[in-house]
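Trainee: I have a structure open and would like to walk through it with you. Could we start with the overall layout and then move on to details?

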Amino acid sequence: MSRPIRIALTKGRLEKDTVGLLESMGFDCTSVREKGRKLILPVPDAELEVVLAKANDVITYVEHGVCDMGVVGKDTIMEMKGKFFELIDLGFGRCRFALAAKKGSDFYSGYGIKTIATKYPNVARSFFEKKGMDTDIIKIEGSVELAPILGLADGIVDIVETGTTLKENGLEVIEDVAPISARLIVNTVSLKMRQAEIEKLTKLIEEKLK
Ligand code: PRP
């Protein structure tokens, strides 16, 4: 017998929201809720196996087909791209990519090349390329808000949810870049080979999201 459909969930908030969604569909997710340090959890009545992973790894596992499906933010999808199908906008994990700078800094003034700090260099690059604007992009790993405060960058491209982090650090949104929410992604081969099982699950999810 083949293994259950394997779904990779982004650890943390998206994991909680996805478990909430599966439970609202009537599936018992006790194994995920009481996971301890385990990383692969069975959800037998959904014929699913849940794998918990970091966002970038969700995409890697789905792309390589070791997980059939995944739940990951559009932010990670936009940054990593990759070969898989993006099937459903799950509606939770809503936030946005935005360009932000020091309050009152008049970001677009002047002719010099702007320096942008970001955890998402591909997203930032393509945003400014579409504008025909030359930029220096600097990759930062965490708390990118520090870069303009320390004088490293003119602006940042980052995730904004409530706006509190920007506000508390004297920054403001200059322009929205793209909306973000959690997406259900599927491996291209799995979608062909296990079409019936995947369609059954995605139909149930779509019904629930209506
Ligand atoms: C994100 C983002 C901002 C913050 C925005 O970081 O990089 O720093 O959330 O949220 P807000 O608009 O509600 O203040 P996150 O907390 O995900 O941590 P990270 O730096 O580890 O990515």
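Mentor: The centres of domain 1 and domain 2, taken over C-alpha atoms, are separated by 30 Å. Please keep in mind throughout that this is a predicted model.

Trainee: Which residues belong to domain 1 and which to domain 2?

Mentor: Domain 1 is made of two stretches of the protein chain, 5-93 and 181-209, while domain 2 covers 95-179.

Trainee: And how many residues of each are in contact?

Mentor: Seven residues of domain 1 are in contact with ten residues of domain 2.

Trainee: How much area do domain 1 and domain 2 bury between them?

Mentor: They bury about 720 Å² between them, and 49% of that is on carbon and sulfur atoms. On the side of domain 1, the residues that lose the most area to domain 2 are D75, M78 and E79, which together make up 68% of what that side buries.

Trainee: What about salt bridges and polar contacts between domain 1 and domain 2?

Mentor: The count between the two domains is one salt bridge, along with five residue pairs in polar contact. As for secondary structure, helix α4, residues 74-80, gives the most to the side of domain 1 that touches domain 2, with four residues.

Trainee: Okay, switching to strands. Is β11 mostly covered or mostly open?

Mentor: Strand β11, which runs over residues 182-186, is mostly covered, and five of its five residues are buried. A182, L184 and V186 point one way from the strand, whereas R183 and I185 point the other way, and all of them are buried.

Trainee: Which strands pair with β11?

Mentor: Strand β4, residues 69-73, is joined to β11 by five bridges, and strand β5, residues 85-89, is joined to β11 by four bridges. Both β4 and β5 run antiparallel to β11. To find the pairings on your screen, look for G73, whose bridge partner in β11 is A182, and for I88, which stands opposite L184.

Trainee: What else does E86 meet in a salt bridge?

Mentor: The side chains of E86 and K74 also meet in a salt bridge, at 3.0 Å from N to O. Here K74 sits in helix α4 and E86 in strand β5, twelve residues apart.

Trainee: New topic: where is I156, and what is it in contact with?

Mentor: I156 is found in strand β9, residues 155-160, and it counts as buried because its relative accessibility is 1%. Leaving aside neighbours within four places in sequence, its contacts include A98, I116, V144, P148 and L171.

Trainee: Last one: which loop holds D106, and what is its phi?

Mentor: D106 is in the loop between β6 and β7, and it has a positive phi of about 55° although it is not a glycine. Most residues other than glycine have a negative phi. D106 is also exposed, with a relative accessible area of 53%. K81, in the loop between α4 and β5, likewise has a positive phi of about 55° without being a glycine.

Technical notes:
Residues numbered from 1 in each chain as written. Predicted model: local features only at pLDDT ≥ 70, side-chain atom pairs only at ≥ 80, totals over all residues. Heavy atoms only, no water. Buried < 20%, exposed > 50% of the residue type's maximum accessible area, 1.4 Å probe, protein only. Helix = DSSP H or I, 4+ residues; strand = E, 2+ residues; numbered from the N terminus. Pairing = 2+ DSSP bridges. Domains from an automatic or database assignment. Contact = heavy atoms within 4.5 Å. Buried area = accessible area lost by both parts, 1.4 Å probe. Salt bridge = Lys/Arg side-chain N within 4 Å of Asp/Glu carboxyl O. Polar contact = N/O pair within 3.5 Å; in protein donor to acceptor, adjacent residues only side chain to side chain.
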